[in-house]
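Morning, everyone. Please have a look at the next slide while I talk.

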Amino acid sequence: MRKLRALCYVCLLLVGSGMARANNISTTLEGVWFTCEFTQSQTPPDDDCQTFDDEGFRFSDGTATYLRMLGSEETNCKGGKKGQCFPRSTPEISVSTRSLGKITYGQDWIDIHYLFCTQRFYTKASEHFITLIPNEPRCLWAGKRHFYIAPFTGTIIHE
């Protein structure tokens, strides 16, 4: 179930080229992205994505790698779960990694290739984050949830 959730998050991170630049939102996905912590299924974060979930992704050369932030002491996480989020402004984090697979980009969409199914997500840029919205039909591993992601600009330490 964790792997399925991670793959869905990957979809959020794979925003195609041509997106508008807004408040440090990159026009490419090259680099590290984390999901916003305080969201609902189809409701954006209420803190402008100033708090990240502990799950994120690195995108490089058409491949996605899952990242899990390690060692957070943050207590102000959704559901009161200590250590499962961290402030976006954190200068350095440690992560564990796992390869996720291939991605394909379009002007306003991304495709995630996983488990013999390709899921398309349409992208929408806002001032503080990017939203990934799943298209119909959906793969078994993709739900109706919208994903809200933003770039992490700090240093990554691999463990």
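First, the ground rules. This is a predicted model: local features need pLDDT of at least 70, side-chain atom pairs count only at pLDDT 80 or more, and totals for chains, interfaces and linings use all residues. Residues are numbered from 1 along each chain as its sequence is written, and side-chain values use heavy atoms, with hydrogens and water left out.

How many disulfides does the structure hold? There are 3. By disulfide I mean a pair of cysteine sulfur atoms within 2.5 Å. Count the bonded cysteines along the chain, and the pattern reads 1-2, 3-4, 5-6.

Start with Cys36 and Cys49. Their sulfurs sit 2.0 Å apart. The torsion about the S-S bond is -100°, a left-handed link. Cys36 is in strand β1 (residues 31-36) and Cys49 is in the loop between β1 and β2, so the bond ties together parts 13 residues apart in sequence. Strands here are DSSP runs of E, at least two residues, and helices are runs of H or I, at least four, numbered from the N terminus. Cys36 is buried at 5% relative accessible area, and Cys49 is buried at 0%. Buried means under 20% relative accessible area, exposed over 50%, and partly exposed in between, with a 1.4 Å probe and protein chains only.

Next, Cys77 and Cys85, joined at 2.1 Å from S to S. The torsion about that S-S bond is about -90°, so this disulfide is left-handed. Cys77 is buried at 5%. Cys85 is buried at 0%.

Now Cys117 and Cys139, with S to S at 2.0 Å. Its torsion is -85°, left-handed. This pair links distant parts of the chain: Cys117 in strand β7 (residues 117-125) and Cys139 in the loop between β8 and β9, 22 residues apart. Is Cys117 buried or partly exposed? Cys117 is partly exposed, at 26%. Cys139 is buried, at 4%.

On to the cores. A nonpolar core is a set of buried Ala, Val, Leu, Ile, Met, Phe, Trp, Tyr and Cys residues joined through side-chain atoms within 4.5 Å. The largest one has 18 residues. Phe59, Ile112, Phe121, Leu132 and Trp141 have the most contacts inside it. Several strands supply at least two residues each, including β2 (51-60), β3 (63-70) and β5 (92-105). Which strand gives the largest share? That is β6, with 3 residues. A second, separate core has 15 residues, among them Val32, Ile93, Ala150 and Phe152.
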